[in-house]
Amino acid sequence: MTFKKVEAIVLTEDDIRSLVSFPEALSIAEELLANQGSGAVDMPPKVALDLKRFGLESYCNSMPAYLHYKKLLGIKFGGGFSDNVRTGQLPYMVQTLILANPVTGEPYALMSATYLTILKTGTETAVSAKFLAKQDGALKVCVIGVGDQGQGNALAWAALDAQGARKVSEIGLVDLDTGKAEQFAKVLERSYKGKIQVSGSIEKSVADRDVIVTTTTAVKPIVKKEWVKPQGVYFASLGSNPELDPQIVLSADKLVADNWVQNEHRGEFRELIATGKITRRNLYAELPEIVAGKQPGRVDPKENIVGSLIGLGSIDIATAWQAYLAAKERGIGQKVRLM
Ligand SMILES: NC(=O)c1ccc[n+]([C@@H]2O[C@H](COP(=O)([O-])OP(=O)(O)OC[C@H]3O[C@@H](n4cnc5c(N)ncnc54)[C@H](O)[C@@H]3O)[C@@H](O)[C@H]2O)c1
């Protein structure tokens, strides 16, 4: 039997960077989260492969999702590869993504998803802050870890501020490598007009912050409870390992996860779940439920809220769709016959 020909578009990392902006990605992430919370997205928890057992300092995820509100199927594949940090030849996170027709399975596009991940990690956090950070007045934010994800976060905060969705008066950038943070501060200045402070000291940088974002490759907690404001803080923990003093988590008024099952395996809550210190009953809500309006976010300016956001593949797929549509419109990408 002869079948029809199927062509997919291949989009490179450079293509993606030219196709989707942070402000666009921010709106896409919020729309996706609201739809996911309303049941219009099917996203099984990511399948996580940890390759340490085989002597490799790598982990790899498989992240499929179906976006019913867009009639779109997709999967992201990839993870963190520590060897890349040593060689400097590739970023720590390396990922690819496939978009497909949910009726026929035919692939529309195959694309690099490293920048898509940076967009997703940043915009997921910024959207979460609209609901979970203090609701009155300008936000003072601190981003700890100014690698790829931390930079994406700061750019997403800049987009949130520029859109007028939330006023962000200060962004602190903290990294062990202050030279890298200083270099990035110059990039951030192009899209952010508020105050930027660069520091190598977490203790000095978190003292007066309303939002503390951790996005490092640290393997042990790096933010102590006694360093932060006693009330009214939103902690967004994004790293794969716990980054906050366990007392911050255990004493929080609300614990939010982007997806509870995913958080059993990775991220801020993992060890507290493994040791029985928190269970699903301690979870206030998953982020999509809050964005969909099924649960209120912050209700009291005094609340301390911890969000463990290890990343929803559905946001990557929604953002990738925008890249695909823009690529088709602008004639970007290489067509490849797959079938
Ligand atoms: N939540 C998500 O959606 C998501 C997505 C991708 C990656 N991640 C995770 O986020 C983390 C960062 O990933 P990345 O791609 O930005 O890596 P990266 O290597 O690009 O950046 C990590 C940064 O953390 C800094 N750092 C490490 N230890 C530190 C410490 N003790 N204090 C201050 N800074 C420190 C490093 O100097 C580096 O700049 C990883 O744990 C990764 O697995 C999360």
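This is a predicted model: local features need pLDDT of at least 70, side-chain atom pairs count only at pLDDT 80 or more; totals for chains, interfaces and linings use all residues.
User: Let's begin with the overall fold. How many helices and strands are there in the protein chain?

Analyst: Happy to start there! The protein chain has 12 helices and 16 strands. Its radius of gyration is 19 Å, close to the 20 Å that the globule rule gives for 339 residues, so the chain is as compact as a globular protein of that length. Along its principal axes, the C-alpha trace spans about 70 × 45 × 45 Å. As for burial, 48% of the 339 residues count as buried.

User: How do I read the packing of two helices?

Analyst: Two packed helices are described by the angle between their axes and the distance between the axes. Here, take helix α4 (residues 114-132) and helix α12 (residues 313-330): they pack at an angle of about 120°, and their axes are 9 Å apart. The crossing of α4 past α12 is right-handed. On the α4 side the contact is made by L116, T117, L119, K120, T123 and E124, and on the α12 side by I315, D316, T319 and A320. By type, the contact residues are four nonpolar, three polar and three charged.

User: Now the ligand. Which residues are the closest to it?

Analyst: The closest are G145, G147, Q149, S240 and G311, among 29 residues that surround the ligand. The elements giving two or more residues to this shell are α4 and α5 (148-162). The largest share, three residues, comes from α5.

User: And how do the residues of the shell divide into nonpolar, polar and charged?

Analyst: The shell around the ligand has 12 nonpolar, 13 polar and four charged residues.

Definitions and conventions
Residues are numbered from 1 along each chain as its sequence is written. Helices (H or I, at least four residues) and strands (E, at least two) are DSSP runs, numbered from the N terminus. The radius of gyration is taken over C-alpha atoms; the globule rule is 2.2 Å times the number of residues to the power 0.38. A residue is buried if 20 or more other C-beta atoms lie within 10 Å of its own, exposed if 12 or fewer, and partly exposed in between; C-beta atoms are placed from the backbone. Axes are lines fitted to C-alpha atoms, for helices over the stretch in contact, and angles run from 0 to 180 degrees between N-to-C directions. A crossing is left-handed if the near helix is turned anticlockwise from the far one by less than a right angle, and right-handed if clockwise. Two residues are in contact if their C-beta atoms, placed from the backbone, lie within 7 Å. Ala, Val, Leu, Ile, Met, Phe, Trp, Tyr, Cys and Pro count as nonpolar, Asp, Glu, Lys and Arg as charged, and the others, Gly among them, as polar. A residue is near a molecule or strand if its C-beta atom, placed from the backbone, lies within 6 Å of it.
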